[in-house]
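Please keep the sequence and the structure in view while going through the numbered points.

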Amino acid sequence: MRLLTMAEFLGVLSVTLLVFGVGAVHVVVHEAAHALTARGMGVGVPEVSVGGNRPWLRFRLFGTVVKVGGFNGGATHLEPRSEAGLRAKLAVVTVAGPLSNLALALVVWLLLAGAPAGSLAELARWALVVLGVLIAVVNLLPLTLQDGAVRTDGAALLSLARGGQRSARQALAAGRLSAEMRRHAAGESPGHSDPGPVDDEPVDHSDPVLLGVEGTRGIFTGELDKAVALLREAAQLPQDDHTRAMTLNNLAWALLLSRPDGWLPEADEASAEARRLHPGEEAFSSTRGCVLVELGGLVEGRDLLRRCDLGEAAPSDRAFVLNHLLRAEALTGNLYGARAALFRLIADGASEEIVTASRALLRPMEVEHALSNMLDPDGRIVWPEHRPGDELSAHVGEMRSALAAFVDEDDSDPRRDAVRVALGGA
């Protein structure tokens, strides 16, 4: 097999980078067309995501949060505020993406028509045109991927055509849910700011999407009994795997928060099925991990929660998950891991009640660890070497506080004198 010369290698590298760059341009243009068209038609655009990976760039542009995690696709999140003419508006917004790729391809084809043969400009011309047409055609095909998690623009148009006015009601309900989720993520109380789209119509109990959306919105508005009832109802209706997984996960989360009689077996079944349908979904793993901790499956629950990226979660949701992780770490004997979860709770601004209860859970472990592993022959604690401000100093500070709090407690624990001596007291 002949190796490439340096000139050949650089040529292949240049073509690869050019194709990647052209693809990135088309993805950005596609999502920008969706967003600008939506705004022009009075449909809210709270967020645009470019790339299907975790975002490595985030910024706000004209009131819209833009997240960039690559250029392998994208999504424009909409918040319609009125049902009037909504189907037509959504159809125009949907078709604007593929049309923008075709328009860019046509403009480039005309502008670079005189590019010299074999030049980089000619190569760029063909790449922009071919990829633009390919992206537009693929997007206009009615394709549903990953069990319903990913839909092309063609699939969205087909859904609008088949769904009739129901599709408009679903989009409006999704807009209400999106607005409530943004308020929740910002730490605002339900109804704290603009109440968002209002719909006085009763929920269509034959539509699993509407039931699921309204049930999920009940979680964020604090109407947990309503949320559980609607999500239970939605779970009994036929749905695609992605919608069903979301419904079951949200039902398990609502049960975790509300804890009605006999809730744990139902939450176990719902969270397990949701994760089976979509094992890679971050939110499903955190829900399943919390349920397992409640069930006593501490090791499996702990391992799931350790792997969860909570950067996108609302502060109250992060605190809830971290509290379960702390409990799992503590009850499996990992004091260092439990302290690390406690530090994350404190850094996230968890309530004083949660922090105090977490410290109380860890205090017996701190005492046992200190008396069993850290004493010199005189019964004094030998603190590990550390520097002010480093990670170990935070752990040492927490140990000192826990032992001091133990000494100050009112009940008569026989280890109190030993701890007082260990801390340097008489």
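This is a predicted model: local features need pLDDT of at least 70, side-chain atom pairs count only at pLDDT 80 or more; totals for chains, interfaces and linings use all residues.

Where is the place of Pro 260?

1. The loop between H8 and H9. Pro 260 is found in the loop between H8 and H9. Leaving aside residues up to four places away in sequence, Pro 260 touches Arg 232 and Leu 255. Between Pro 260 and His 369 there are 37 Å in space, C-alpha to C-alpha, and the two are 109 residues apart in sequence.

2. Arg 259 counts as partly exposed because its relative accessibility is 36%.

3. Confidence. Over the chain, pLDDT averages 86, and 91% of the residues score at least 70. The stretch 192-199 should be read with caution: pLDDT stays under 50 there. For these residues the model has 14 contacts beyond four places in sequence.

4. The sheet. An open sheet is formed by 4 strands in the order S2-S3-S1-S4, with mixed pairing. Strand S2 (57-61) and strand S4 (74-79) are the edge strands, each pairing on one side only. On average, neighbouring strands of this sheet are turned by 15° against each other, direction ignored. As background, strands of a sheet pair through backbone hydrogen bonds, either parallel or antiparallel.

5. The pairs of strands. S1 and S3 run parallel and are joined by 4 bridges; Val 48 has Val 66 in S3 as its bridge partner. Strand S1 (residues 44-50) pairs with S4 in the antiparallel sense over 5 bridges, and Glu 47 stands opposite His 77 in S4. S2 and S3 run antiparallel and are joined by 5 bridges. The bridge partner of Arg 58 in S3 is Lys 67.

6. The hairpin. S2 and S3 form a hairpin with 2 residues between them. Phe 62 is found in the loop between these strands, S2 and S3. Is Phe 62 buried or exposed? Phe 62 counts as exposed because its relative accessibility is 68%, above the limit of 50% for that class. Phe 62 is not a glycine, and yet its phi is positive, about 50°.

7. The covering of the sheet. In strand S3 (residues 64-68), 5 of its 5 residues are buried. Both faces of S3 are covered: Thr 64, Val 66 and Val 68 are buried on one side, and Val 65 and Lys 67 on the other. Helix H5 (residues 165-185) lies across S1 and S4 and runs at about 95° to S4.

8. The buried side of H11. Which residues of helix H11 (residues 298-306) are buried? The buried residues of H11 are Leu 298, Gly 301, Arg 302, Leu 304 and Leu 305. These residues lie on the same side of H11 because they cover an arc of only 165° around the axis. Among the elements that cover the buried residues of H11 are helix H9 (263-277), helix H10 (282-295) and helix H12 (315-331).

9. The nonpolar cores. The largest nonpolar core has 42 residues, and those with the most contacts inside it are Trp 253, Leu 256, Cys 290 and Leu 326. Two or more residues each are given to this core by helix H7 (224-235), helix H8 (241-258), H9, H10, H11, H12, helix H13 (335-347) and helix H14 (352-373). Apart from this core lies another, of 12 residues, including Ile 381, Trp 383, Leu 403 and Val 407.

10. A closer look at Leu 326. Which residues does Leu 326 touch, not counting residues up to four places away in sequence? Leu 326 touches Ala 338, Ala 341, Leu 342, Leu 345, Ser 358, Leu 361 and Leu 362. Leu 326 is also one of the residues with the most contacts inside the largest nonpolar core.

Notes: Residues are numbered from 1 along each chain as its sequence is written. Side-chain values use heavy atoms; hydrogens and water are left out. Two strands pair if DSSP finds at least two bridges between them. Axes are lines fitted to C-alpha atoms, for helices over the stretch in contact, and angles run from 0 to 180 degrees between N-to-C directions. Contact means heavy atoms within 4.5 Å. pLDDT is the predictor's confidence in each residue, from 0 to 100. Buried means under 20% relative accessible area, exposed over 50%, partly exposed in between (1.4 Å probe, protein chains only). The arc is that of the directions from the helix axis to the C-beta atoms. A nonpolar core is a set of buried Ala, Val, Leu, Ile, Met, Phe, Trp, Tyr and Cys residues joined through side-chain atoms within 4.5 Å.
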